[in-house]
Amino acid sequence: MDDRDWHAWHDRYDEPESLLARRLAVVQDRIARFLDAAPPGDVKVLSMCAGQGRDLLGALEHHPRRADVTALLVELDPRNAATARERAAELGLSRIEVVTGDAGLTDHYLSRAPADLVLACGVFGNITPDDIQRTIAHCAALCRPGGATIWTRHRNEPDLVPQICDWFAENGFTLEFVTEPGDFGVGMHRYTDSPRRLVPGATMFTFAGHWTLKQRGCV
C-alpha cells in the first residue's frame, strides 16, 4: 500500500464541492433510502475499508431507523478507526463496532455475515481488477438474500464501472442503482440468489492504493 497519510486524506470530505464530498452525499443518500425501505427490526451492516465511517455514520446521524442498525466497520488505519469510534460514540450509536484490521480478510466478517447491507466504498478504486472481481464474489456471501451492496469507483480510463456491474450480475446480484458517467461512480446491487457460505481464512483483496496501481498501469 502507498505511504500517503490516509487520515489527512479524509480532510477533502470537508470541502463541500470536492469530488469526495459529492460522492459521499450520493452514498449517504443510498444508505438512507435502503434504511427507509428496510422491514421493521434490526438492520445489519458491514463496511470494509470504512475509513472514518463518514458514509454510514453520516447517513445515520438524523435517520429515524438509526437505533435499528448494528454495524461492523473494518479499517486498517488506526487513526481513522479511532475517529470512527469517537464519532459513533458522539452520536450515541452504541451498536456500531469498529475493528482496526485488514478489511480484505474474510475472518473479520465471519461472526456478522450475512448482512442486510454491505458497504465497499473507497475500495474498488484502490485494488486490482482481479481483486475487484474476487471481492464481488465474496459479497454474495457477505450479503443475505434480499440484502444489498453499495460500492464506489472512479470513472477514469479504463472505466471499469460497466464491468463491475457485470461481475455483480454474474454473482447473483440485480442492479438497483448506478450513477451516470461523470466524475465518480456509485452503484447499488441487490443480492437475489441463494444463501452462500463465507469462506474463512480467505483474502478478498489487497489494498494497494490508487496511485500505486496507476504507476503499475493497473487502473
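This section describes the strands, helices and nonpolar cores of a predicted model.

The model contains an open sheet of 7 strands with mixed pairing, in the order β3-β2-β1-β4-β5-β7-β6. At its edges stand β3 (96-100) and β6 (173-178), each of which pairs on one side only. From one strand to the next, the twist averages 15°.

Within this sheet, strand β1 (residues 43-48) is mostly covered, with 5 of its 6 residues buried. Strand β1 runs parallel to strand β2 (residues 69-75), and 6 bridges join the two; here V43 stands opposite V69. Strand β1 also pairs in the parallel sense with strand β4 (residues 115-120), over 3 bridges. In that pairing, the bridge partner of L46 is V118 of β4. Strand β2 in turn pairs with β3, again in the parallel sense, over 5 bridges, and L73 has V98 of β3 as its bridge partner. The path from β1 to β2 includes helix α3 (residues 54-60), and these three elements make a right-handed β-α-β unit.

Helix α6 (residues 161-170) lies across β5, β6 and β7, and runs at about 165° to β5.

In a regular strand, side chains alternate between the two faces of the sheet. The nonpolar side chains of the model form separate cores, of which the largest has 34 residues. The residues with the most contacts inside this core are M48, Y109, F124, L142, I164 and F205. At least two residues of the core are supplied by each of β1, β2, β4, α5, β5 and α6. Helix α5 provides the largest share, namely 6 residues. Apart from this core lies another, of 31 residues, which includes V45, V69, L119 and A148.

Leaving aside residues up to four places away in sequence, F205 touches M48, C49, A103, G104, V123, I127, D131 and T135. Among these contacts, M48 is also listed with F205 as one of the residues with the most contacts inside the largest core.

Terms used: Residues numbered from 1 in each chain as written. Predicted model: local features only at pLDDT ≥ 70, side-chain atom pairs only at ≥ 80, totals over all residues. Heavy atoms only, no water. Buried < 20%, exposed > 50% of the residue type's maximum accessible area, 1.4 Å probe, protein only. Helix = DSSP H or I, 4+ residues; strand = E, 2+ residues; numbered from the N terminus. Pairing = 2+ DSSP bridges. Right-handed = clockwise from strand over helix to strand, strands pointing away. Axes fitted to C-alpha atoms, helices over the stretch in contact; angles between N-to-C directions. Contact = heavy atoms within 4.5 Å. Core = buried A, V, L, I, M, F, W, Y, C linked by side-chain atoms within 4.5 Å.
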